[in-house]
Every structure is written in C-alpha cells, then in structure tokens.
Amino acid sequence: MPATPEKDVMMPEDAGEETRPPEDAMQARQIGDAWQRIETWLRRYAPATHAALRPGASEGEIAALEESTGVRAPAELRALWRLRAGSWDVPAAGLFPDQGWALMDLDAVARSYQWHINNQRRQALHDPETLVWKPSWLPFCSWSVTDLSYGRFVDAETGETGVWDDTAVRTVEDTSLTMVLEEIADRLEYPKLATGYKPGLIRGALVWGPPDSEDEAALWEPWTG
C-alpha cells in the first residue's frame with residue numbers, strides 16, 4: 001500500500017463551507033458528523049481499515065470528475081469525497097455493510113460511470129425502453145477497490161441511493177447517503193441493536209459477518225461494544 005501521512009479528517013467547516021448554499025452546508029455537516037463517528041470507531045478498533053482510507057479529494061479533482069461525467073455531484077457526495085476519496089487496494093478496505101464494499105476512488109468512479117453509460121447505450125439499441133443506468137447515477141462504493149461489478153450509487157437529481165449488480169438489476173432506495181453513513185455509525189457504536197450482518201474484526205480490519213468463508217469465520221471476532 002502506498003505510504004500516506006496520517007491526517008485528521010477535515011470537517012466541512014474547514015473546507016470553505018461559508019461559500020456554499022445553506023442547504024449544501026447543512027448536508028455537508030451531516031455527512032461530516034456521520035463520517036467522524038465512523039472514523040473515530042475505525043481508528044480505535046479497526047486501524048487496518050482506517051489506514052486503508054485515501055485522503056480527501058481537492059475541489060479541482062472533484063470538478064474534473066464532474067466534467068468527465070457531465071454530472072454535478074450532490075452536496076452529500078461532494079462532502080464525503082472532500083473527507084475521503086476512496087480506499088487503497090488492500091484486503092482491509094471493505095467498509096460498507098453488508099458485503100464489506102469499499103469506498104471508490106475518483107478514477108474508479110469515472111471508469112464505472114462510463115462503463116454503465118456505455119452499457120445503457122448498447123441496451124437502448126436493442127430496446128429503447130430498457131433502463132439499466134440513468135445519467136444522474138454516480139457510483140461511490142463497489143464490491144472491492146478493483147471489482148466494480150457490484151456497488152452503490154447516488155442519484156444526483158434526487159439524492160436517493162441505490163445498488164447495482166453484475167446483471168441488469170438496479171434497485172433505487174428511499175435512502176440518502178447521509179442515512180447510509182448514519183446507519184453504519186449506529187451499527188458500529190451499537191452492535192447489539194444491529195440487524196443483519198454485524199461488525200466484527202479480523203486482524204484489526206472491519207469485517208461484517210459472520211463471514212461466509214470458513215477460513216475468515218475461524219478468525220472473525222464479533223464486535224459487541
């Protein structure tokens with residue numbers, strides 16, 4: 001993994017919040033609060049997963065991504081990218097439940113977005129009514145840092161999140177990115193109240209489980225708080 005200096009999370013207030021519309025600033029604060037809870041837990045209990053996080057993106061890097069996709073990222077997603085712009089390609093990178101998906105770096109976001117748009121165009125040649133990807137959907141996490149066949153996206157028009165898989169199945173949820181991050185923080189801080197996959201640890205890495213792999217299950221230590 002490339003060496004990167006340890007850095008504290010830059011909260012949205014430190015990133016020129018006063019220059020953004022009030023609603024955007026509020027969403028940035030909500031993202032910052034939820035993400036701070038997640039990173040505090042990771043730093044204390046899952047240092048390997050915390051170390052896998054990349055630094056935040058600059059305004060120029062986010063603008064370049066928006067130019068390449070032609071989509072203005074919603075305030076919540078921009079706020080997350082300012083804090084952390086992806087994860088390094090290491091085994092401990094899994095963060096999002098239930099499958100332990102990884103936060104995508106901006107290059108992966110651009111590649112994934114373009115692949116989905118091209119796939120939509122190919123589908124439309126055969127059936128113009130078929131919708132497999134809306135232009136407003138921006139990916140933000142995937143099965144792993146390098147495996148983009150599954151993942152989650154944010155709809156830049158509505159703020160809703162959704163998931164895609166390696167078939168034509170796309171599911172839009174009535175859940176914002178803030179709600180997704182707040183749920184992760186809640187499940188980490190109050191694991192006894194969590195439903196579905198629960199947080200656990202393998203060699204200092206966050207692993208949602210119990211794992212399906214027998215080898216991982218033998219090493220997995222459930223986190224009970």
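A nonpolar core here is a set of buried Ala, Val, Leu, Ile, Met, Phe, Trp, Tyr and Cys residues joined through side-chain atoms within 4.5 Å. Buried means under 20% relative accessible area, exposed over 50%, and partly exposed in between (1.4 Å probe, protein chains only). The model is predicted: local features need pLDDT of at least 70, side-chain atom pairs count only at pLDDT 80 or more, and totals for chains, interfaces and linings use all residues. Residues are numbered from 1 along each chain as its sequence is written, and side-chain values use heavy atoms, with hydrogens and water left out.

Start inside. The largest nonpolar core has 49 residues. Trp-35, Ile-38, Phe-96 and Leu-181 touch the most other members. Helix H1 (residues 22–45) gives the most to this core, with seven residues. Helices (H or I, at least four residues) and strands (E, at least two) are DSSP runs, numbered from the N terminus.

Now the charges. The whole structure holds 15 salt bridges, each a side-chain nitrogen of Lys or Arg within 4 Å of a carboxyl oxygen of Asp or Glu. Arg-84 pairs with Glu-39 in one of these salt bridges, with the closest N and O atoms 2.7 Å apart. This pair links distant parts of the chain, 45 residues apart: Arg-84 sits in the loop between H4 and E1, Glu-39 in helix H1. Both Arg-84 and Glu-39 are buried.

Arg-82 forms a salt bridge with Glu-59, at 2.6 Å between the closest N and O atoms. Arg-82 lies in helix H4 and Glu-59 in helix H3 (residues 59–69), so the bridge ties together parts 23 residues apart in sequence. Arg-82 counts as buried at 10% relative accessibility, while Glu-59 is partly exposed at 37%.

Next, the backbone. Pro-97 and Asp-98 are joined by a cis peptide bond, with omega about 5°. Pro-97 lies in the loop between H4 and E1 and is buried, with a relative accessible area of 16%. A cis peptide bond also joins Gly-209 and Pro-210, with omega about 10°. Pro-210 is in the loop between E7 and H7.

Arg-203 has a phi near 50°, a positive value in a residue other than glycine. Arg-203 is found in the loop between strand E6 (198–202) and E7. At 71% relative accessibility, Arg-203 is exposed.
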